[in-house]
Amino acid sequence: MRNSKYTNFNAFTTLLLLVCLMGLPIAINAAIANEKNPEKQVTAIRGVWLTNIASNALYSKKNITDAVTKCADLGFNTIFIVTYNGGYTLFPSEAAKTITGKKIHPDFAGRDPLKEVIKEAHKHNIKVFAWFEFGFASSHKDSTGGTIIRNKPEWASKDIHGNITEKNNFQWLNPFHPEVQEYMKNLIVEVVKNYDLDGIQGDDRLPALPSNGGYDEYTVNLYKSEHANKPPPAYEKDYEWIKWRSNKLTLFLKDIVTTLRAEDANIIISMAPSIYPWSEENYLQDWPTWLKLGLVDVMIPQVYRYKFEAYQREIDKIYKAQVSKENQFRVLPGVLLQVDDYNPSNEFLSKMIDYNRQIGVHGEVYFFYEGIKKFEDFFKSVYPTQSNFPKNLIQQKL
């Protein structure tokens with residue numbers, strides 16, 4: 001692993017991106033950056049991810065009402081609701097229907113859980129973000145790549161052996177293919193146009209690709225066209241090969257942001273990648289550059305650790321080395337609350353939150369909703385009353 005090379009930005013490629021991104025409109029209110037502003041000390045994003053996996057929260061209107069009420073009662077002010085999962089949307093989508101033949105995930109046919117969550121959440125003054133969880137992943141545990149790749153085989157990303165790109169049992173689309181990019185952009189723009197959303201969110205799969213991908217015919221030819229007909233390196237983690245692909249994803253993110261800002265100047269752009277530099281080495285996500293270039297309003301790195309010392313070490317890297325002082329107000333940690341049969345101890349959870357406050361971080365986003373029900377007393381003490389979403393963070397929609 002060539003970690004040392006990833007701790008600093010590639011000056012040449014960053015300069016190119018800066019030139020490409022000049023003039024990008026950003027709706028952030030600079031007042032929040034004032035260190036003396038007391039408002040930022042008492043109002044912070046208190047968020048939770050709400051998903052259809054390992055949870056029945058979205059499977060009826062009553063369950064949604066109960067879940068949103070629970071979030072409000074425990075002091076949460078932001079919900080990140082899964083909007084794209086398993087290759088299907090969780091809202092009626094004409095863009096999705098053109099590719100999959102279905103307007104919505106089969107489990108939710110005849111309903112609109114996104115609309116239902118927004119309606120209930122806004123009653124409690126809770127902000128709602130459409131979370132595109134699957135991103136460029138086409139399927140999970142399906143060697144065919146799922147419905148999308150079966151219908152559009154030319155959209156598949158390939159590894160060096162010519163197989164569909166796979167990592168951790170997820171199969172992947174080719175995020176460098178213009179038709180794939182257009183499809184993903186259409187889904188995101190559609191949801192922003194049709195719903196009273198406060199923001200959208202990508203994560204460790206948007207924009208992303210495992211670093212063993214990029215060996216499909218389209219991407220190889222694109223690389224060769226920019227490298228005097230030289231093919232990409234066979235070593236998937238070759239530094240320049242990583243940077244070439246991660247820069248392409250950054251430019252795609254710029255395109256999405258520009259389009260969304262034109263559609264709704266107040267929409268909040270959030271991303272929840274893995275920790276850096278692992279995120280770039282393994283999923284081509286150079287998120288410190290996204291922040292540096294002003295592409296993201298709220299960055300939520302997934303600081304998922306099982307021991308306090310490891311959590312503290314990653315938090316220190318983020319806030320002391322990877323994020324500039326002027327951008328720190330945009331960054332808050334993603335905290336692991338539940339996965340499979342794991343939950344942190346009360347002591348470990350308290351230590352993480354206490355350390356966040358100690359270094360001046362006043363908010364978190366928790367993965368995921370089912371976990372908060374196991375720590376109700378904890379959250380009632382940490383978040384004794386529901387705090388408004390930070391008023392000075394972003395120009396809010398009227």
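Two strands count as paired if DSSP finds at least two bridges between them. Strands (E, at least two residues) and helices (H or I, at least four) are DSSP runs, numbered from the N terminus. The model is predicted, so local features need pLDDT of at least 70 and side-chain atom pairs count only at pLDDT 80 or more, while totals for chains, interfaces and linings use all residues. Residues are numbered from 1 along each chain as its sequence is written, and side-chain values use heavy atoms, with hydrogens and water left out.

**View 1. Strand β13 and its two parallel partners.**
Strand β1 (residues 46–50) pairs with β13 in the parallel sense over 3 bridges, and Arg46 has Glu364 as its bridge partner in β13. Strand β12 (residues 334–336) also runs parallel to β13, joined to it by 3 bridges. Here Val335 stands opposite Tyr366. In a regular strand, side chains alternate between the two faces of the sheet. Both faces of β13 (residues 364–367) are covered: Glu364 and Tyr366 on one side, and Val365 and Phe367 on the other, are all buried. Buried means under 20% relative accessible area, exposed over 50%, and partly exposed in between (1.4 Å probe, protein chains only).

**View 2. The largest nonpolar core around Phe379.**
A nonpolar core is a set of buried Ala, Val, Leu, Ile, Met, Phe, Trp, Tyr and Cys residues joined through side-chain atoms within 4.5 Å. The largest one has 117 residues, and Trp49 and Phe379 have the most contacts inside it. Helix α8 (residues 178–194) gives the largest share of this core, 8 residues. Leaving aside neighbours within four places in sequence, Phe379 is in contact (heavy atoms within 4.5 Å) with Leu74, Phe76, Leu337, Tyr366, Ile372 and Pro384.

**View 3. The packed side of helix α6.**
The buried residues of α6 (residues 113–123) are Pro113, Leu114, Glu116, Val117, Ile118, Glu120 and Ala121. They pack against β1, α4 (61–73), β2 (78–82), β5 (127–131) and α8. After α6 comes Asn125, with a positive phi near 60°.

**View 4. The largest pocket and its lining.**
On a 1 Å grid over the protein atoms alone, a pocket is an open set of points where a 1.4 Å probe fits, with protein on both sides within 12 Å along at least five of seven lines; lining residues have an atom within 4 Å of a point. The lining of the largest pocket has 39 residues, of which Asp204, Arg205, Gln302, Tyr304 and Phe367 lie nearest its centre. Elements that give two or more residues to this lining are β8 (170–172), β9 (199–203), α11 (278–283) and α13 (308–322). The largest share, 3 residues, comes from α11.

Lys167 stands opposite Phe170 in β8. Asn168, in the loop between β7 and β8, has a positive phi near 55°. Asn168 is exposed, with a relative accessible area of 54%.

**View 5. Two cis peptide bonds.**
Another joins Phe367 and Phe368, with omega about 0°. Phe368 is in the loop between β13 and α15 (369–372).
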